[in-house]
Amino acid sequence: MVLNFLKAALLGVLALLWSAPLAEAGRRIALVLGNSDYENASFLPNAERDARDIAAALRSIGFEVHDGYNLSRRDTLRLAQQVTGQLQQDDTALFYYSGHGVQLGAENFVLPVDVAGSDEPELKSASVSLQAILREMELRAGRNIIVLDACRNNPFQSRMAARSLGGAARGLARVDAGVGSYIAFSTQPGNVALDGSGRNSPFTAALLRHLPRNEDLHAMMRRVRADVVAETGGSQVPWENSSLIDEVYLAARGQAAPDPAGDPAAAVQAVPSGQIQPRAQQFGYRVAGLDPNGDGFLALRDGTTSGARRLAKMVEGTRLAVLAQRGRWLQVRTETGLEGWAHSNWIRKDAAASAAAPVAQNQCDALWFQRNSIFARRGYCFQSARGQAAFSNAGCIPGVRAGEVPLSAAERDEVSRLKAQEQLLGCR
């Protein structure tokens, strides 16, 4: 009887172990790329925003994110090599790409912003092979996740067809995942996905909605698929190919990303792509700092230039809800329901509202990290303890001060935008 009891107990323990999700050891590392500003191909309004929002979401659930936006082929390869070179067998590696992608022959390519070519060999040599990135990941990491929102129309299709090459097919080709790998496309092989008319593409918008759920990757992607099919009327069906053996949870166990709808404490949520989206209709900002000897009002306009049509005059102290940000301009709503754009120089966070609805510190931390990661990529050596803890200083250039870091015009604009957002949110 005792033996039977021990057997039953052992079987019960084994059943619990088999039914419990497997814990994941190692690091969780993500490479996130987003390309919108192509030199020789059509502009994709949402691609960069998609990638920035995904990068922020992955950071919020504990991923170590290496991200790049509007990169050349050389910079894309360099960043990919840096990330894949540090992967180890126990790691979970994730690659997300948003931008133009093409199928050439049986192989898929992601297109850097400097891509150019009028035939298949030229286009291949100017692009980055998706399969090559996947191979590098599979050689090193035990679990690999590829997420591609890149099935847009081939921007070089017409000129290639005109030369009777026909090597570039519609959409992207099927990719087989090796053991321990998972590949998700924003639409089925051979089909073309939508860039979207809103803030994000339909696929990435659905992915952002469901990333906060602490559930198995396959279950999460079923929800994403259902949302995209419903939104596109069935014209776009996200597709996946998986050879995962274990359950994989993107969020660390017990660490789901916060659900914005369930956090009424914060008046706004910082979104790295340049917008500030309201979590609730709280008027946590006000018009302040107007010149008493000037016009005495801040113009509410229908665009983001001083020449845009004036909709209303807002006096000192007018309370506002901030809806979005574009550079130094803010989209706002007044308590009377008027909506428009106003210059941020004369908009301040309301002290009373700040006390009632403090900005979450992790939002400020995310903005700080994004701003300083730009300097880190350019070789800046961080002096502060915080900077050294966040960035290794490996390969940095000694003696270069922050003001001397050779940033591109786009990077300088991004730094200014992030600083403005930090100031607006009251970050320290």
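Reader: Where is the place of Thr 76?

Author: Thr 76 sits in helix H3. Helices here are DSSP runs of H or I with at least four residues, strands are runs of E with at least two, and both are numbered from the N terminus. Before going on: this is a predicted model, where local features need pLDDT of at least 70 and side-chain atom pairs count only at pLDDT 80 or more, while totals for chains, interfaces and linings use all residues. Residues are numbered from 1 along each chain as its sequence is written, and side-chain values use heavy atoms, with hydrogens and water left out.

Reader: Is Thr 76 buried or exposed?

Author: Thr 76 is buried, at a relative accessible area of 4%. Buried means under 20% relative accessible area, exposed means over 50%, and partly exposed is in between, with a 1.4 Å probe and protein chains only.

Reader: What is Thr 76 in contact with, leaving aside neighbours within four places in sequence?

Author: Leu 33, Leu 71, Pro 112 and Val 128. Contact means heavy atoms within 4.5 Å.

Reader: And the chain overall, how many helices and strands?

Author: The chain has 12 helices and 19 strands. Of its 428 residues, 50% are buried. Among contacts with a separation of 6 or more, 68% are between residues 24 or more positions apart.

Reader: New topic. How many cavities of 30 Å³ or more does a search of the whole structure find?

Author: The search finds 4. A cavity is a set of points, on a 1 Å grid over the protein atoms alone, where a 1.4 Å probe fits but cannot get out; lining residues have an atom within 4 Å of a point. Grid points are joined across faces, edges and corners, and a volume is the space filled by probe spheres set on the points.

Reader: How much space lies in the largest cavity, and which elements give two or more residues to its lining?

Author: The largest cavity holds about 70 Å³. The elements giving two or more lining residues are helix H2 (47-60), strand S3 (92-98), S7 and H8. Residues in the lining include Ile 54, Tyr 96, Val 147, Leu 217 and Met 220.

Reader: What classes are in that lining?

Author: The lining has 11 nonpolar, no polar and no charged residues. Nonpolar covers Ala, Val, Leu, Ile, Met, Phe, Trp, Tyr, Cys and Pro; charged covers Asp, Glu, Lys and Arg; the others, Gly among them, are polar.

Reader: Which residues of H8 are buried?

Author: Leu 217, Ala 219, Met 220, Met 221, Val 224 and Val 228 are buried in H8. Their cover includes strand S7 (143-149), strand S9 (181-185), helix H7 (202-210) and strand S10 (239-242).

Reader: What span should H8 have?

Author: The 15 residues of H8 (217-231) should span 21 Å at 1.5 Å a residue, and the end C-alpha atoms are 21 Å apart, so the two agree. The expected span is 1.5 Å times one less than the number of residues. After H8 comes Gly 233, with a positive phi near 65°.

Reader: How many disulfides does the count come to?

Author: The count is 1 disulfide, taking a disulfide as a pair of cysteine sulfur atoms within 2.5 Å. Cys 381 and Cys 396 form it, with sulfur atoms 2.1 Å apart.

Reader: Which parts does the pair tie together?

Author: Cys 381 is in the loop between helix H10 (361-377) and helix H11 (385-390), and Cys 396 is in the loop between H11 and helix H12 (409-425), so the pair ties together parts 15 residues apart in sequence. The S-S torsion is about 100°, so the disulfide is right-handed. Cys 381 counts as buried, at 9% relative accessibility.

Reader: Last one. Where is Thr 304, and what does it contact beyond four places in sequence?

Author: Thr 304 is in the loop between S14 and strand S15 (310-314). Apart from neighbours within four places in sequence, Thr 304 contacts Arg 326, Trp 329 and Trp 341. Thr 304 is partly exposed at 25% relative accessible area.

Methods:
On a 1 Å grid over the protein atoms alone, a cavity is a set of points where a 1.4 Å probe fits but cannot get out, and a pocket is an open set with protein on both sides within 12 Å along at least five of seven lines; lining residues have an atom within 4 Å of a point.
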